[in-house]
Amino acid sequence: MTPPPESAVLHPRLQEIADDFNSVPDKDRLQLLLEFSQDLPPLPERYAAHRDRMEPVPECQTPLFLAVELEPDETVRLFFDAPAEAPTTRGFAAILHAGLDGLDADEVLATPAEFSGQLGLADLVSPLRLRGMAAMLARIKRQVREQRAARRAAGR
């Protein structure tokens, strides 16, 4: 396995997750992903009752929806909806939630696009699934940029 490029510096929370995945044998990585899938927080009512307020991620092989909220202090809040019968997709969403929720906007935007490749799952899950996780991250970053730009345009 090749080490990640030096430029791909991860936030310590994401680095800890990547280290956890890379510290176990291949066969245990999928189990770790399944454990993450069980930790995905439920949606708050404002999204559970209004999925239309969430963005679909069609690159995922199963239905996944996400919402990003940028708080006034630029703290990023993430919300995901993925079916329980899609543990891989839920696991990826839970990893992003555990690693990024509550970080500052700049910290989220600094997350390398190739983060999913640092989990050591490339030989264990399909490239389509890894692209789904990359698409989730790309949408999160886009929503942060859009909300930040809208806030600045409104003079807040």
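Modeller: With the term contact, which here means heavy atoms within 4.5 Å. Note also that this is a predicted model.

Colleague: Which residues in H1 and H2 meet?

Modeller: From H1, Ile17, Asp20, Phe21 and Asn22 take part, and their partners in H2 are Arg29, Leu32, Leu33 and Phe36. By class, the residues of this contact divide into 5 nonpolar, 1 polar and 2 charged.

Colleague: How is the geometry of such a pair read?

Modeller: Two packed helices are described by the angle between their axes and the distance between the axes. Here the axes of H1 and H2 come within 9 Å and cross at roughly 140°. The two helices are therefore oblique to each other; the label roughly antiparallel is kept for angles over 145 degrees.

Colleague: Which residues of H2 are buried?

Modeller: In H2, which spans residues 26–38, they are Arg29, Leu32, Leu33, Phe36 and Ser37. These residues cover an arc of only 150° around the axis, which puts them on the same side of H2. The cover over them includes helix H1 (12–22) and helix H4 (87–100).

Colleague: What does the face of H2 turned away from its buried side carry?

Modeller: That face has the exposed residues Lys27 and Gln38.

Colleague: Moving to the backbone, which residue has a positive phi although it is not a glycine?

Modeller: Glu74, with a phi of about 75°. Glu74 lies in the loop between strand S2 (65–70) and strand S3 (76–81).

Colleague: Is Glu74 buried or exposed?

Modeller: Buried means under 20% relative accessible area. Glu74 has 16% relative accessibility, so Glu74 counts as buried.

Methods
Residues numbered from 1 in each chain as written. Predicted model: local features only at pLDDT ≥ 70, side-chain atom pairs only at ≥ 80, totals over all residues. Heavy atoms only, no water. Buried < 20%, exposed > 50% of the residue type's maximum accessible area, 1.4 Å probe, protein only. Helix = DSSP H or I, 4+ residues; strand = E, 2+ residues; numbered from the N terminus. Arc of directions from axis to C-beta. Axes fitted to C-alpha atoms, helices over the stretch in contact; angles between N-to-C directions. Parallel < 35°, antiparallel > 145°, perpendicular 65-115°, else oblique. Nonpolar A, V, L, I, M, F, W, Y, C, P; charged D, E, K, R; others polar.
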